[in-house]
Each structure stands twice: as structure tokens, then as C-alpha cells.
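Have the sequence and the structure open side by side.

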Amino acid sequence: MKWVYIVAGIVLFIQFLILPNSAPESLEMSIVETVVRETGIPNAVSGIIFRNRLYDTIFEVVVFTIAIMGANFLLANETPSHKIHSFTDQPSIVLARLGATISALVSIELAIRGHLSPGGGFAAGVAGGTAIGLVAITSSPEWIQGIYKRWYAATWEKISVLVFIVLAAITLVGIELPHGELGALLSGGIIPVLNILVAVKVALGSWAVILVFTRYRGLF
């Protein structure tokens, strides 16, 4: 009986290779064009993430928030590390801070123009978190912790999440801002704002995780 299953599997595999795609190419193009037209932005991926499947994106942001809270909760009862590992040689410090500058600029670019070109809030947040991490491994823990508290980064992170959820809920209800001119920087309605909020959330959340692991693990 197993030979019947094997033959059937081989025949089915050959069918996938030989038979043409049943979905016409024009249909694929029409889907992309529909997304671009409905969202008012050239980047159809951002349009899908922040409009067509915005419900899923809300929970992705919430899951990321819960992960950060979990890191703080699980390590809260541990003894802080007495030894912090970081770069001490000057060439490594210069290269790391140069990389941090580039990552920060890329983060800003992706956050502001993510609805026009490849990129978006999540990618911008990762680039921003990378920049913060590169600065952290070349600086004293006290200094980086002091900046985190001085600029109320934890508070801004929570505010960005709450504002994102509120704006996303308003969008899901059906209330949208004017799309503007397609391809312009100020276009896409609420999507650019959601992009920036996600970027801020991911970058500041990554900063919080870096501080936690630095304090309790001595690593970045």
C-alpha cells in the first residue's frame, strides 16, 4: 500500500511542475494595483500591513511589548552582574559608533519614507535598536542608563504603543485621513504616522532589552 502513496505523491509533484499556474498574472497585478489605489501609497507591503491586515499588526506590536515586559520580569529577581563586557580598543569604538550613525540615519529614513519605498516601521525600529546597541557596547552602562532615564524613554515607549492602538482602532472603524497625492511624502493617510509609531516603539523597546541584559548578564 505504501507504494501507492509514493507513486501518488510523485505524480502530484510532477503535476505541480508541469501544469501552468491556474491564477492569471493579470490577477496578481490587479491585487497590487488595488492595494496601492486603496491605501494611496506606492509600497503595497506597508499598505497591507497597516491597512488590509492592521488587526494582525496591532497584536504584533502588543506581542513585542509583552516580550519586553517578560524580559524585565524574568530577570528582576537576579543579582546584577559585576562585570560588564564592552569594547575598549579605540578602532573598535570608532567603527561601532560609525555603524551606529549609519544605522540611525537608515532608521530615520525607513520610518519617514517607509510608505513610499521598501522599509517601514518594524525595519526602522530594528535599525534604531541596532544603533543604540552599537553605542551601548562602546559606552559605560551608567551613561547609557542615565540617558534612558533622562529622556523618559520608557514613558515614550508606552505612549507610542497606546497611540498606535488608538489610531489603529480608529482606522479599523473606517475613519481615514485623506490619502493625498500618490508618491508624495505627505500621503497615505494615517499609514506614515503608524510607521513612525512602530519605529519608535521597536527602537525604544530594544533599548530597554539592551539595558536589562547589560545589568543582569553583563552582555549586550
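What follows covers a surface patch, a helix crossing and a loop residue.

First, the ground rules. This is a predicted model, so to speak of local features takes pLDDT of at least 70 and side-chain atom pairs count only at pLDDT 80 or more, while totals for chains, interfaces and linings use all residues. Residues are numbered from 1 along each chain as its sequence is written, and side-chain values use heavy atoms, leaving out hydrogens and water.

Let's start on the surface. Leu105, Ile108, Ile112, Leu185, Leu186, Ile196 and Val200 make up a nonpolar patch with about 660 Å² of accessible area together. To join such a patch, a nonpolar side chain (Val, Leu, Ile, Met, Phe, Trp, Tyr) needs over 30% relative accessible area, no salt bridge and a partner within 5 Å.

Ser46, Gly47 and Phe50 of α3 meet Ile191, Leu194, Asn195 and Val198 of α9, with contact meaning heavy atoms within 4.5 Å.

Two residues compare like this (buried is under 20% relative accessible area, exposed over 50%, partly exposed in between; 1.4 Å probe, protein chains only):

| Residue | Relative accessibility | Class |
|---|---|---|
| Leu105 | 57% | exposed |
| Thr138 | 8% | buried |

Leu105 sits in helix α5, while Thr138 is in the loop between α6 (121–136) and α7 (141–150). What does Thr138 touch, not counting residues up to four places away in sequence? Phe87, Ile93, Ala96 and Arg97.

Note on methods: Patches are made of residues with over 30% relative accessible area and no salt bridge: like charges are joined within 9 Å, nonpolar side chains (Val, Leu, Ile, Met, Phe, Trp, Tyr) within 5 Å. Accessible areas come from the Shrake-Rupley method with a 1.4 Å probe; for residues, only the protein chains shown count as cover. A salt bridge is a side-chain nitrogen of Lys or Arg within 4 Å of a carboxyl oxygen of Asp or Glu. Helices (H or I, at least four residues) and strands (E, at least two) are DSSP runs, numbered from the N terminus.
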